[in-house]
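Here are my notes for a colleague who is opening this structure for the first time. Please read them beside the sequence and the model, point by point.

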There are 4 protein chains.
Amino acid sequence: MSKIAGEEITRRRFMTGVGKGAVAAAVPASLLKRTSADVVVPEPPGKKLGWAVVGLGSLAINQILPAFAKCEKARVVAFVSGHPDKAHKLALRYGVAAKNIYNYQNYDSIKDNPEVDVIYIVLPNGMHAEYTVRGLQAGKHVLTEKPMANSPADCQQMIDAAHKAGRKLMVAYRCRYEPFNREAIRLARSGELGPVQMILADAGFKIGDPTQWRLNKQLAGGGSLMDIGIYALNASRYLSGEEPSEVNAMIYTTPGDPRFKEVEEHVTFQLRFPSGVLANCSSSYGYFHQSQFRVCGTEGRLQLDPATWYTGLRLWVERDNAIEERQLPNVDHFASEMDHMSGCVLDNKEPLTPGEEGWRDLKIITAIYEAAQQGKTIKL
Amino acid sequence: MSKIAGEEITRRRFMTGVGKGAVAAAVPASLLKRTSADVVVPEPPGKKLGWAVVGLGSLAINQILPAFAKCEKARVVAFVSGHPDKAHKLALRYGVAAKNIYNYQNYDSIKDNPEVDVIYIVLPNGMHAEYTVRGLQAGKHVLTEKPMANSPADCQQMIDAAHKAGRKLMVAYRCRYEPFNREAIRLARSGELGPVQMILADAGFKIGDPTQWRLNKQLAGGGSLMDIGIYALNASRYLSGEEPSEVNAMIYTTPGDPRFKEVEEHVTFQLRFPSGVLANCSSSYGYFHQSQFRVCGTEGRLQLDPATWYTGLRLWVERDNAIEERQLPNVDHFASEMDHMSGCVLDNKEPLTPGEEGWRDLKIITAIYEAAQQGKTIKL
Amino acid sequence: MSKIAGEEITRRRFMTGVGKGAVAAAVPASLLKRTSADVVVPEPPGKKLGWAVVGLGSLAINQILPAFAKCEKARVVAFVSGHPDKAHKLALRYGVAAKNIYNYQNYDSIKDNPEVDVIYIVLPNGMHAEYTVRGLQAGKHVLTEKPMANSPADCQQMIDAAHKAGRKLMVAYRCRYEPFNREAIRLARSGELGPVQMILADAGFKIGDPTQWRLNKQLAGGGSLMDIGIYALNASRYLSGEEPSEVNAMIYTTPGDPRFKEVEEHVTFQLRFPSGVLANCSSSYGYFHQSQFRVCGTEGRLQLDPATWYTGLRLWVERDNAIEERQLPNVDHFASEMDHMSGCVLDNKEPLTPGEEGWRDLKIITAIYEAAQQGKTIKL
Amino acid sequence: MSKIAGEEITRRRFMTGVGKGAVAAAVPASLLKRTSADVVVPEPPGKKLGWAVVGLGSLAINQILPAFAKCEKARVVAFVSGHPDKAHKLALRYGVAAKNIYNYQNYDSIKDNPEVDVIYIVLPNGMHAEYTVRGLQAGKHVLTEKPMANSPADCQQMIDAAHKAGRKLMVAYRCRYEPFNREAIRLARSGELGPVQMILADAGFKIGDPTQWRLNKQLAGGGSLMDIGIYALNASRYLSGEEPSEVNAMIYTTPGDPRFKEVEEHVTFQLRFPSGVLANCSSSYGYFHQSQFRVCGTEGRLQLDPATWYTGLRLWVERDNAIEERQLPNVDHFASEMDHMSGCVLDNKEPLTPGEEGWRDLKIITAIYEAAQQGKTIKL
């Protein structure tokens with residue numbers, strides 16, 4: 001790759017901690033092929049840690065397993081699943097050895113498998129705590145999907161287990177590992193928009209099948225807020241760089257809707273941050289899919305929309321005389337986060353989104369539910 | 001102006017005989033000039049009611065006075081001002097007779113001026129009630145700027161005075177008289193987006209000069225919420241077509257900022273509507289100017305951004321396979337609302353935004369302040 | 001109007017005392033009303049020159065007559081029309097005295113009317129030359145619509161008549177008098193895009209009524225190129241700042257289409273400029289309305305789309321890392337050009353688009369037709 | 001994958017002939033993970049044909065080799081390269097056996113390697129013919145990069161060699177294998193825009209390093225037209241569905257620029273199609289990267305911009321009342337085209353872009369150069 005391309009500059013800027021292989025750059029064909037003279041030949045991959053994927057649902061099948069092809073530091077070597085047929089079919093596809101297919105009963109024996117370095121928990125929320133703790137106890141490092149668990153107490157258990165085992169624990173907040181949200185964070189902190197005044201964040205979609213685990217309270221821990229509103233909550237924190245001190249909320253769930261027998265549908269919530277920044281957020285399982293974050297400064301505003309989709313993210317900056325759309329590469333979020341986790345293990349560093357990050361969101365989610373129920377502001 | 005239905009807009013856009021001075025159609029030159037054969041010649045204007053403008057501040061000077069040139073049913077014939085020099089200068093510009101320039105002392109004698117049919121109150125908020133009531137008592141019809149007054153009680157007085165005088169009273173909610181917001185209302189009600197689930201509305205700007213009346217509690221009645229947040233509040237009501245039953249709010253005002261000695265800076269507020277629709281809104285005197293409304297249905301979403309500026313409004317509809325920007329004409333909001341008011345007087349009809357509409361917003365604004373102060377949900 | 005420099009625009013946009021009726025600023029309501037303390041009161045209008053409008057077709061009725069309300073230096077005082085009923089109806093609307101209504105027979109007697117300073121020719125193209133020359137001979141200054149005339153020879157006659165009469169002659173290239181095209185010119189010249197490499201310009205629309213004068217060769221002088229493609233041609237010249245040295249072209253006209261018995265439908269044409277810049281342009285009476293100009297530099301590109309409509313123009317600048325949409329005010333193009341012409345008369349200055357500018361376009365148009373017919377490059 | 005997601009519908013629509021694995025869908029996270037209940041488990045890959053990549057320049061390294069991970073029917077098994085170090089390093093990365101690394105001398109012995117089914121020629125243009133013919137003679141199927149060769153005669157040789165060998169020959173026109181251009185073709189043919197009137201297509205970029213093979217006449221065959229303008233040319237043909245009958249052109253190359261000692265810089269060219277459609281196109285090695293295609297119908301217009309980049313393509317449709325941006329998945333163009341080629345081999349079908357397609361472009365390119373040189377329209 002050439003040293004001339006503007007794109008290259010952009011790329012490098014976002015490369016820290018982001019797997020190179022994951023970059024699907026939004027640049028013209030011409031730019032990427034134009035320099036035959038001094039082609040940069042990528043190094044053969046170095047040590048790739050072995051990963052076990054626990055839970056073979058749609059997220060694993062459609063996003064996580066394909067992402068390994070783009071990883072520099074991670075390869076999939078084991079599955080843990082309650083469906084042996086599915087696991088064997090996928091094992092053929094992804095080159096996982098039959099002996100490395102575990103079920104939920106013999107999961108703990110993974111401790112004896114030296115091929116497995118890291119475990120990725122892709123189970124329903126209510127199972128994250130147990131399988132994370134068991135994984136850590138088996139001596140493996142663990143990356144768990146968000147939300148980290150159903151309660152702050154469960155999160156604490158997981159954190160404690162990691163400390164005890166001396167292993168890394170990371171929560172899969174994938175937006176922290178992709179260029180658009182990272183650039184938004186940089187912009188918000190840079191002062192280019194003036195001091196931040198308010199954050200607006202909305203995340204939701206219309207959920208379908210009433211029988212899915214996301215609508216089961218025990219498995220999901222809650223409704224839209226736990227699953228998708230957590231993106232807006234987490235963004236409010238990483239865009240402001242602060243922890244909220246107060247929350248307000250309203251919840252509405254359509255009576256009689258077969259999808260919402262156990263969990264909530266819509267949530268609006270407000271956060272007050274110590275600096276005075278307010279955040280106004282929404283979460284929904286009822287509205288047409290939406291994913292928009294805004295950071296409102298005194299001198300300008302940035303808008304991410306869509307802010308959290310797997311691809312196609314867009315970032316605008318509006319100032320007095322112009323609205324500017326930034327051109328950034330779309331990377332594979334999952335490859336990025338897996339390479340980050342592998343890197344932390346290899347270099348013995350703390351992940352950018354450790355267990356404590358997940359615990360904080362669960363503390364706030366609990367307060368949001370309480371605020372809505374009590375009809376009053378809850379202090380954190 | 002009731003003719004500015006969506007259908008009318010479309011038809012009118014592609015007609016030669018646009019005629020209405022207020023329509024600045026967003027169509028190519030070529031289309032508007034293409035049919036020389038059968039040009040529609042506009043009728044000479046019919047009866048134009050005589051209007052008095054009370055208060056010659058920047059809104060009057062920069063928006064309202066120039067708008068009369070685009071009116072079919074309104075012409076400016078009198079001024080009421082505390083600054084005779086300014087009034088005389090403007091009178092020369094707009095052809096107002098010197099004898100028709102009043103001050104705040106001799107304002108009541110306007111009752112003897114048969115040239116004046118309608119009075120437009122463009123004074124600071126805290127003066128709306130008094131000058132509206134005096135205008136009505138003088139036997140004139142009154143259009144008053146928003147917010148209608150500083151309190152629901154003042155609004156009630158104004159409504160009562162109109163009833164007693166048998167005169168029309170209208171509040172200048174100009175967004176109700178322009179095509180983009182009207183099309184948004186139509187779309188929201190049409191079911192094209194599926195049932196409405198949530199409304200998101202943000203309106204604010206960074207206020208400047210600390211000495212202006214908007215930052216004086218007695219003159220302004222409050223801070224950003226009274227002045228600009230009221231657009232988000234009003235939109236939540238007209239986009240949902242409902243009256244809210246509960247409100248939540250947070251307020252933050254920068255300590256020590258010379259602009260905010262008396263009035264609030266930022267407000268976030270949430271509204272619950274009887275159907276279950278939630279609205280999440282923000283208002284600000286501190287953030288970079290913003291004006292965005294969204295209506296989130298189950299099958300799609302509309303977004304107005306900017307939603308309330310004098311011109312340049314834009315409307316998008318997002319559905320599964322496409323994001324569509326609607327092409328609608330930008331009209332002069334002030335000319336539209338003045339023609340509407342004149343039409344109501346001429347045809348003895350109730351305005352689309354009568355005094356009661358202003359009173360309702362003030363009731364809710366009062367509740368929002370209370371909710372923020374008490375840290376709890378207030379029922380309406 | 002020479003004040004509409006980029007800097008002026010910016011400054012004006014955020015001033016309270018916008019004053020100039022022509023500026024419909026794309027700024028939030030809030031900004032324009034925010035400073036009540038120090039409102040700038042516009043001066044009463046100074047001397048407004050008296051204008052006669054010759055030809056009361058749709059362009060005059062829908063655009064030009066309403067625009068006078070926004071002029072600082074022009075007012076309409078006379079009509080010249082072959083339809084006395086129409087003229088009298090419009091006279092009532094616009095306050096034109098009955099005695100100031102002329103027909104094509106007594107047009108020359110306008111020389112005795114001291115109220116008329118400037119004549120605006122809004123007739124079919126084939127009549128521009130005659131009525132311009134007669135107007136100049138009557139001692140009046142003349143603004144004529146584009147294209148200036150049906151041939152370079154006619155243009156030359158008009159220029160000569162102006163010189164002989166010692167009066168101003170201007171061609172109504174309205175895009176030169178509005179902020180978006182002016183900012184594009186500034187950007188192209190500024191080097192911000194690197195040296196200009198190529199210009200791409202497309203202008204056309206689907207013409208309707210087969211009986212209109214635009215489709216009559218004698219009245220129109222030609223087809224889409226004369227009427228709408230001239231915008232693309234003129235833009236290639238003002239965006240490059242050069243005069244072309246060579247042209248290539250192709251023409252296609254649908255056989256048997258009742259609209260195109262006399263004039264051409266589609267034209268593609270290429271221009272070579274002395275610096276090496278190439279321009280690639282299209283003109284059409286058959287395709288869906290289109291108006292897009294691009295200036296391609298080595299380091300970036302600007303795009304105007306729509307580039308020439310009466311309102312709603314948009315300007316983007318694309319560079320390596322961002323696509324930026326510039327926020328500029330939409331002004332009334334006709335008010336701007338009429339004020340410019342009045343200003344030139346009052347201050348005895350040469351218009352920005354004098355007769356020579358129209359003559360140059362006609363020379364090139366003639367060459368384009370020749371290139372298409374001969375199937376070869378024509379040198380200019 | 002779920003049956004509910006709107007995205008799924010979109011996907012299926014474009015699935016014919018497009019490798020499933022290549023789809024990186026532009027949908028919200030939520031949609032893709034929402035249906036855990038009935039997850040569709042992909043089949044293990046069936047037979048993947050073995051591919052040899054000939055030429056390990058930047059296009060191979062940065063685009064083609066990574067794309068194999070997304071292929072359903074292709075895997076890389078061999079390299080042909082003049083740089084053994086580079087080849088061995090890449091072999092380690094992509095799991096290519098050392099014995100399957102060839103050089104340009106022993107290339108013909110690939111005929112004895114049963115692992116290799118298809119050869120992908122990624123060499124400089126001037127080498128396509130020789131290496132394609134040698135590959136076909138070795139009994140392998142061949143996919144060659146565009147432009148197919150330096151001359152129509154070379155193209156004909158390649159076609160003849162394929163016929164003689166009874167092997168498939170395909171040209172890598174990747175835009176034919178991705179959803180945005182395919183949807184544009186569908187729209188253009190569907191009549192939704194009315195009959196097509198004109199096509200506008202621009203493709204170019206600012207080339208850098210003067211020493212690269214693209215600027216060497218013998219290796220590249222020509223300048224920007226051969227390399228990047230061919231996208232505009234090819235698009236004019238596939239968007240119109242016709243073969244041009246006439247061409248016009250202008251060329252400009254900056255004198256003294258060290259990059260352009262042998263090949264041309266800018267080209268503008270016009271095509272006339274038998275139906276009367278005109279195409280106006282540009283090609284450049286000098287302007288800021290650009291890639292825009294438009295199809296202008298009588299009732300609407302579509303615009304692709306960027307039209308040809310590896311990712312981030314966008315498609316708009318403009319009609320009377322709205323401008324609509326279509327939401328389509330971005331797929332890996334190279335994976336799609338390789339899967340298509342493998343599929344054609346497996347099913348014994350003719351590729352969508354066979355050798356004849358490449359030959360046609362070269363015929364027209366030759367005519368464009370001739371038209372520019374002679375300054376006249378060339379008939380085809």
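1. Two strands are said to pair here if DSSP finds at least two bridges between them. With that in mind, strand S5 (residues 118–121) of chain C and strand S6 (residues 141–144) of chain C pair in the parallel sense, over four bridges. Within this pairing, Ile119(C) stands opposite Val142(C) in S6(C). Please keep in mind throughout that this is a predicted model.

2. Elsewhere in chain D, strand S2 (residues 49–54) and strand S3 (residues 74–80) run parallel and are joined by six bridges, and Ala52(D) stands opposite Ala78(D) in S3(D).

3. In chain D, the axes of helix H6 (residues 152–165) and helix H11 (residues 355–374) come within 8 Å and cross at roughly 170°. Angles over 145 degrees count as roughly antiparallel, and H6(D) and H11(D) are therefore roughly antiparallel to each other. The crossing of H6(D) and H11(D) is left-handed.

4. Which residues of H6(D) and H11(D) meet? From H6(D) come Pro152(D), Cys155(D), Gln156(D), Met158(D), Ile159(D) and Ala162(D), and they meet Gly355(D), Glu356(D), Gly358(D), Trp359(D), Leu362(D), Lys363(D) and Thr366(D) in H11(D). The residues of this contact divide into seven nonpolar, four polar and two charged.

5. Helix H11 of chain D also packs with helix H9 (residues 224–240) of chain D, at an angle of about 110° and with the axes 11 Å apart. Since angles of 65 to 115 degrees count as roughly perpendicular, H9(D) and H11(D) are therefore roughly perpendicular to each other. In this contact Leu225(D), Met226(D), Ile230(D), Leu233(D) and Asn234(D) of H9(D) meet Asp361(D), Ile364(D), Ile365(D) and Ile368(D) of H11(D). The contact of H9(D) with H11(D) divides into seven nonpolar residues, one polar and one charged.

6. Between chains, nine residues of chain C are in contact with nine residues of chain A. On the side of chain C that touches chain A, strand S15 (residues 322–326) of chain C gives the most, with five residues. The residues on that side of chain C comprise two nonpolar, three polar and four charged. Across the boundary, strand S15 (residues 322–326) of chain A and S15(C) run antiparallel and are joined by five bridges, and the bridge partner of Ala322(A) in S15(C) is Arg326(C).

7. How are chains C and A related to each other? A rotation of 180° with 0.0 Å of shift along its axis superposes chain C on chain A, with an RMSD of 0.0 Å, and that is the relation of a two-fold axis. Of the residues of chain C, Glu324(C) comes closest to the rotation axis, at 1.9 Å for its C-alpha. Of the interface residues of chain C, 89% are also interface residues in chain A, so the copies meet through the same surface.

8. Finally, some local backbone features deserve a look. A cis peptide bond with omega of about -10° joins Lys146(B) and Pro147(B), and Pro147(B) has its place in the loop between strand S6 (141–144) and helix H6 (152–165) of chain B. Another cis peptide bond, with omega of about -5°, joins Asp305(C) and Pro306(C), where Pro306(C) is found in the loop between strand S13 (301–304) and strand S14 (315–318) of chain C. Asn348(C), a residue other than glycine, has a positive phi near 50°, and Asn348(C) lies in the loop between helix H10 (333–347) and helix H11 (355–374) of chain C.

Technical notes: Residues are numbered from 1 along each chain as its sequence is written. Chains are lettered from A and ligands numbered from 1 in the order in which they are written. This is a predicted model: local features need pLDDT of at least 70, side-chain atom pairs count only at pLDDT 80 or more; totals for chains, interfaces and linings use all residues. Two residues are in contact if their C-beta atoms, placed from the backbone, lie within 7 Å. Helices (H or I, at least four residues) and strands (E, at least two) are DSSP runs, numbered from the N terminus. Ala, Val, Leu, Ile, Met, Phe, Trp, Tyr, Cys and Pro count as nonpolar, Asp, Glu, Lys and Arg as charged, and the others, Gly among them, as polar. Copies are superposed by least squares on the C-alpha atoms of residues with pLDDT of at least 70 in both. Axes are lines fitted to C-alpha atoms, for helices over the stretch in contact, and angles run from 0 to 180 degrees between N-to-C directions. Angles under 35 degrees count as roughly parallel, over 145 as roughly antiparallel, 65 to 115 as roughly perpendicular and the rest as oblique. A crossing is left-handed if the near helix is turned anticlockwise from the far one by less than a right angle, and right-handed if clockwise.
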